[in-house]
Amino acid sequence: MSRTEEVNKMTENVYKGILEQFNPSLKNFVLMGKHYEKALTGVTVAAKGYFDALVKLGELASDSQGSKELGDTLFQMAEVHRQIQVQLEDVLKLFHSELLAQLEQKLELDIKYLTATLKKYQGERRSKSSPLSGASLS
């Protein structure tokens with residue numbers, strides 16, 4: 001095998017390695033991010049139920065003179081929980097829009113680019129080697 005053929009084979013292996021190993025790993029990373037996002041969405045649903053229960057308990061406790069202090073504490077807990085929940089929802093939106101969606105889009109563009117570049121490289125290689133092959137056969 002000539003040096004040119006070795007370089008050609010190595011170049012094609014680099015392209016194929018990226019397409020077959022790196023990109024699937026990156027796809028898996030995006031998929032795991034989506035699962036994480038879905039789990040956090042489930043947490044926010046559960047947290048809203050928890051918040052509603054805290055408010056309800058606070059209202060019940062506030063109705064009684066003996067447990068008014070407990071009711072106030074429960075309302076304070078509910079307010080802190082609500083603030084944390086709002087922050088979590090904001091972070092979740094940013095996680096989706098600025099990380100997952102961007103990464104997924106860039107991954108798709110990279111795959112298209114690498115595939116097209118590999119095909120272009122192979123086409124140029126064939127067109128350059130064809131005249132040489134024909135000349136050596138004559």
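1. Surface. The protein exposes about 10,200 Å², and carbon and sulfur atoms supply 61% of that area. Accessible areas come from the Shrake-Rupley method with a 1.4 Å probe, and for residues only the protein chains shown count as cover. The model is predicted: local features need pLDDT of at least 70, side-chain atom pairs count only at pLDDT 80 or more, and totals for chains, interfaces and linings use all residues. Residues are numbered from 1 along each chain as its sequence is written, and side-chain values use heavy atoms, with hydrogens and water left out.

2. Helices and overall form. The protein has two helices and zero strands; helices (H or I, at least four residues) and strands (E, at least two) are DSSP runs, numbered from the N terminus. The radius of gyration of the protein is 30 Å, whereas the globule rule gives 14 Å for 138 residues, so the protein is more spread out than a compact globule. This radius is taken over C-alpha atoms, and the globule rule is 2.2 Å times the number of residues to the power 0.38. Along its principal axes, the C-alpha trace of the protein spans about 105 × 20 × 15 Å.

3. Of the 138 residues of the protein, 20% count as buried. A residue is buried under 20% relative accessible area, exposed over 50%, and partly exposed in between (1.4 Å probe, protein chains only). Among contacts in the protein with a separation of 6 or more, 75% come from residues 24 or more positions apart; contact means heavy atoms within 4.5 Å.

4. Charges. The protein has 18 positive and 18 negative charges, and their mean positions are 13 Å apart. Lys and Arg count as positive and Asp and Glu as negative, while His and the chain ends are not counted. The place of a charge is taken as NZ of Lys, CZ of Arg, CG of Asp or CD of Glu.

5. Aromatic pairs. The structure holds two aromatic pairs. Rings of Phe, Tyr and Trp (its six-membered ring) pair if their centres lie within 6.5 Å; planes under 30 degrees apart count as stacked, over 60 as edge-to-face and the rest as tilted. Y15 and Y121 form a tilted pair, at 6.3 Å centre to centre and with 40 degrees between the planes. Y15 lies in helix 1 (residues 3–63) and Y121 in helix 2 (residues 68–137), so this pair ties together parts that are 106 residues apart in sequence. Y121 is partly exposed, with a relative accessible area of 22%. Y36 and F95 form an edge-to-face pair, at 5.6 Å centre to centre and with 75 degrees between the planes. Because Y36 lies in helix 1 and F95 in helix 2, the pair ties together parts that are 59 residues apart in sequence. Y36 counts as partly exposed, at 47% relative accessibility.

6. L54 is placed in helix 1 and counts as buried, at 6% relative accessibility. Leaving aside neighbours within four places in sequence, L54 is in contact with L74, M77 and A78. The C-alpha atoms of L54 and M77 are separated by 7.6 Å, although these residues are 23 residues apart along the chain. V55 also has its place in helix 1. V55 touches F75 and A78, not counting residues up to four places away in sequence. Between the C-alpha atoms of V55 and Q76, 21 residues apart along the chain, the separation is 9.4 Å.

7. Q122 is found in helix 2 and is buried, with a relative accessible area of 17%. Not counting residues up to four places away in sequence, Q122 touches E12 and K16. T11 has its place in helix 1 and is partly exposed, with a relative accessible area of 23%. T11 and Q122 are 111 residues apart in sequence and 9.9 Å apart in space, C-alpha to C-alpha.

8. N13 and G49. N13 is placed in helix 1 and counts as partly exposed, at 46% relative accessibility. N13 and G49 are 36 residues apart in sequence and 54 Å apart in space, C-alpha to C-alpha.
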